[in-house]
Amino acid sequence: MLLPHNPNAFTRSPLDRAGHHRRDKAWLEAALAAPETQLVPFYRHQPFVMEEGGVVGPGWLNGAARTRIAPADATLLFLGLDPKGAAHFALDIPDPAPLGDLGRFEDLRGLGPRLSREDLAILGPAKSIFEWHARNGYCANCATPTLIVEAGWRRDCPSCSGEHYPRLDPVCIMVATFGEHVFLGRQRAWPKGMYSALAGFIEPGEAIEEAVARETLEEAGLKVREVRMHSTQPWPFPHSLMIGVLCEVEDDRETVDTTELESGRWFTREEAKLLIAGKHPDSWAPPPFAIAHQLLKTWSEE
Ligand SMILES: [Zn+2]
């Protein structure tokens, strides 16, 4: 895996996180007042976006807008510095009214395919962090309300001194292959004809490859023989890290667990190419925005 080649949406942010500034309150205040600083509001975990000439992008405001659009205690997150050194922030606002009709708030999943790779990589972590704050207002040790520190990246407990870091849930996602065939599953809730990679949360005590083998056996009754790492993807719905692998199984005699999947199906390599191109006669795969697409694409081209 070469660092510059990650094919997945939400990766390769143009921002330097510049984590050493997170504790420096004076630096953060000065950055907010700087004319080049950019601030994007969020409301109910949705980013503020603007559209111009059919192109959608984050609705960047000046840093000084902070006090005009939200109360002083609104959660502010320092996202980092762009290549020119301009600071970028996200602000979780409690009321969208001050923004009027300047733009709109929109769900990031729906926006995904229409935003640039750079914009997704900037907005994704902000969404994950705001979701985490919304669910973690109290100390898990002693139930005292916690305080936001580190420019939005940590919560501290004033009672027991506990430090709480953002939650990240690792998920393994895999396309199982047997020779020239690939196995894909579909869940009942998915749109008609959609097939995708198998996936599951990695549990404490499991190596990634062990979780891949367990999930593949549980969901499809297939025994994994070999695991190949492909790439990983931060997935902010709400805060997963997708770990994408290609795995070869021992045979093609599947037993689908119908409590987890509606069905599963083998596709040839040629069919996989059609799925990727959106030209398969009766089935389709997730769009390039999803790591499942990238896994299937890689295998189909080997
Ligand atoms: Zn505590």
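Leaving aside neighbours within four places in sequence, which residues is Phe178 in contact with? In this predicted model, the contacts of Phe178 beyond those neighbours are with Glu248, Val249, Glu250, Asp251, Asp252 and Trp266. Phe178 belongs to strand β11, which covers residues 169-178. Its relative accessibility is 29%, so Phe178 counts as partly exposed. Gln233 lies 55 residues from Phe178 along the chain, and the C-alpha atoms of the two are separated by 25 Å.

The largest pocket holds about 740 Å³ of space. It is lined by 30 residues, of which Arg109, Ile173, Trp190, Trp235 and Met242 are the closest to its centre. Two or more lining residues come from each of β11, β13 (198-201), β14 (224-235), β15 (240-249) and α7 (291-300). β13 provides the largest share, four residues. The lining comprises 20 nonpolar, six polar and four charged residues.

The second largest pocket has a volume of about 450 Å³. Among its 23 lining residues, Arg17, Gly124, Pro125, Leu168 and Pro234 are the closest to the centre. Helix α4 (117-135) gives the most to this lining, seven residues, and β14 and β15 each supply at least two. By class, 14 residues of this lining are nonpolar, six are polar and three are charged.

Key. Residues are numbered from 1 along each chain as its sequence is written. This is a predicted model: local features need pLDDT of at least 70, side-chain atom pairs count only at pLDDT 80 or more; totals for chains, interfaces and linings use all residues. Side-chain values use heavy atoms; hydrogens and water are left out. Buried means under 20% relative accessible area, exposed over 50%, partly exposed in between (1.4 Å probe, protein chains only). Contact means heavy atoms within 4.5 Å. On a 1 Å grid over the protein atoms alone, a cavity is a set of points where a 1.4 Å probe fits but cannot get out, and a pocket is an open set with protein on both sides within 12 Å along at least five of seven lines; lining residues have an atom within 4 Å of a point. Grid points are joined across faces, edges and corners, and a volume is the space filled by probe spheres set on the points. Ala, Val, Leu, Ile, Met, Phe, Trp, Tyr, Cys and Pro count as nonpolar, Asp, Glu, Lys and Arg as charged, and the others, Gly among them, as polar.
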